[in-house]
2 protein chains.
Amino acid sequence: MYVKKCFNIKLNIIMAMNEIDLVEKAADTDYDIHELLQQRWSPRAFSDKPVDRELIRQLFDAARWAPSSYNEQPWRFIVATKDRPEEFERLSKVLNDHNRKWATGAPMLVLTVKKDHFEDDGRPNKVAKHDLGQAVSYLTFEATRHDLFVHQMAGILPRKARELYNIPEGFTPLTMIAVGYIGDMEQLPEDFREKEKAKRTRCSVDEIAFRGSWDDPKQL
Amino acid sequence: MYVKKCFNIKLNIIMAMNEIDLVEKAADTDYDIHELLQQRWSPRAFSDKPVDRELIRQLFDAARWAPSSYNEQPWRFIVATKDRPEEFERLSKVLNDHNRKWATGAPMLVLTVKKDHFEDDGRPNKVAKHDLGQAVSYLTFEATRHDLFVHQMAGILPRKARELYNIPEGFTPLTMIAVGYIGDMEQLPEDFREKEKAKRTRCSVDEIAFRGSWDDPKQL
């Protein structure tokens, strides 16, 4: 069965490396997919180098051109950069303890918030999370193009976010994102260093996409 | 307020054109964002030209390298192409009546399915839709790079999908996607032609991303 096969290969093979080899972290693809997709990965070690203000705006310019159901654009982003320490400290509080250990090393944090209902008729938007995910991908694609790395986290404190930022009903905090240039993994707490060296793995194409029925899948 | 301003600009300005001008459909961006993001849009008119089998596999190779929470990869795709008429007819039945009118003009349809729970411990995956949206974005980037267009639809019949494809509990059909090369809009039913000519609009960067609180947003 698909799922089973797929998760048998979900092993984290630790490589014998002292430093992060960006070539080694590139995706092991079947085809020559776009280099920005191939080279993207989610580091925990970020450099101190700040992200230029205009570049930050450019990332959200990319995000806003993602497609969405009824062009609802059910995505909002609260941003903090380390050069404004009070704002950065406040947004850091939305991370869970585990993620706070490494993500505060990034120069920029983003809280993603989904808009729950359609503006026109108030219906629940069942693809709001899906479309928010697309906007984040567009941001990531643009970031990667500018040598930035993006690490998304589902491990956040949504109630804390609502309270700290006065997020109204109808909007729901979903993830946090660390953005920055790649850093030295030696700066990380030890337990994170091993994760940083792990080989990236994915289910095969045949395990996620097929013709025919679920119980009798045929190769594309 | 953000939301209000944003939706005041959500007007569909119909352009006086008889043919789709791809330059005119490009996103009206503030910055020089990546051309694949700028040029992407969601047409309803597709050409008959089939999508090469290896290219189809390449699209899903791109999709599978999207990031996901705990590398869960909560995305599955059921695919049908027009050169296998029975399979295409079957997948077309999952479209709602409105979308069936135009989407069956595409040479390829994809049903997206989310995996509801984490494999390891059975917890509900609250970012499964979000991560599925990311995989679809990766597919879309790769498609756009190969002159393909992608049009996503939330308007589907999920129960029909489950029944026709024996989709088990724990997996939920979410969207359908039409994929193909651009076609002549004159082949579309008349009510769709006007939509095809509409200018693409988005909320501004300041309307979706900010520093500070929700009720006292500051410009990035």
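Visitor: At what angle do the axes of α7(A) and helix α7 (residues 128-145) of chain B cross?
Guide: First, a heads-up: this is a predicted model, so local features need pLDDT of at least 70, side-chain atom pairs count only at pLDDT 80 or more, and totals for chains, interfaces and linings use all residues. Residues are numbered from 1 along each chain as its sequence is written, while chains are lettered from A and ligands numbered from 1 in the order in which they are written. Helices (H or I, at least four residues) and strands (E, at least two) are DSSP runs numbered from the N terminus, and axes are lines fitted to C-alpha atoms, for helices over the stretch in contact, with angles running from 0 to 180 degrees between N-to-C directions. The axes of α7(A) and α7(B) come within 7 Å, and they cross at roughly 50°.

Visitor: Which word describes how α7(A) and α7(B) lie to each other?
Guide: Angles under 35 degrees count as roughly parallel, over 145 as roughly antiparallel, 65 to 115 as roughly perpendicular and the rest as oblique. The two helices cross at roughly 50°. So the word for α7(A) and α7(B) is oblique.

Visitor: Is the crossing of α7(A) and α7(B) left-handed or right-handed?
Guide: A crossing is left-handed if the near helix is turned anticlockwise from the far one by less than a right angle, and right-handed if clockwise. The way α7(A) passes α7(B) is right-handed.

Visitor: How many charged residues are in the contact of α7(A) with α7(B)?
Guide: Two residues are in contact if their C-beta atoms, placed from the backbone, lie within 7 Å. The residues of α7(A) that take part include A:K129, A:H130 and A:Y138, and those of α7(B) include B:K129, B:H130 and B:Y138. Ala, Val, Leu, Ile, Met, Phe, Trp, Tyr, Cys and Pro count as nonpolar, Asp, Glu, Lys and Arg as charged, and the others, Gly among them, as polar. On that basis there are eight nonpolar and eight polar residues, and the charged ones number four.

Visitor: Which element gives the largest share of the side of chain A that touches chain B?
Guide: The whole contact takes 65 residues from chain A and 65 residues from chain B. Elements giving two or more residues on chain A's side include α4 (53-64), β1 (75-81) and β4 (171-180) of chain A. The largest share is twelve residues, and they come from α7(A).

Visitor: How far apart are the axes of α4(A) and α7(A)?
Guide: Here's another helix pair, this time inside chain A. α4(A) and α7(A) pack at an angle of about 135°, and α4(A) passes α7(A) in a right-handed crossing. Among the residues in this contact are A:L59 of α4(A) and A:L139 of α7(A). The distance between the axes is 7 Å.

Visitor: How many bridges join β1(A) to strand β5 of chain B?
Guide: Now we're in the other sheet, an open one of six strands ordered β3(A)-β4(A)-β2(A)-β1(A)-β5(B)-β6(B). β1(A) and β5(B) run parallel, and A:F77 stands opposite B:A209 in β5(B). The number of bridges between these strands is two.

Visitor: How many residues of strand β4 (residues 171-180) of chain B are buried?
Guide: β4(B) is joined to β2 (residues 108-115) of chain B by eight antiparallel bridges, with B:V110 partnered by B:I177 and B:L111 opposite B:M176. It also pairs with β3 (residues 149-153) of chain B in the antiparallel sense over five bridges, where B:F149 stands opposite B:G180. A residue is buried if 20 or more other C-beta atoms lie within 10 Å of its own, exposed if 12 or fewer, and partly exposed in between, with C-beta atoms placed from the backbone. β4(B) is mostly covered, and of its ten residues the buried ones number nine.

Technical notes: Two strands pair if DSSP finds at least two bridges between them.
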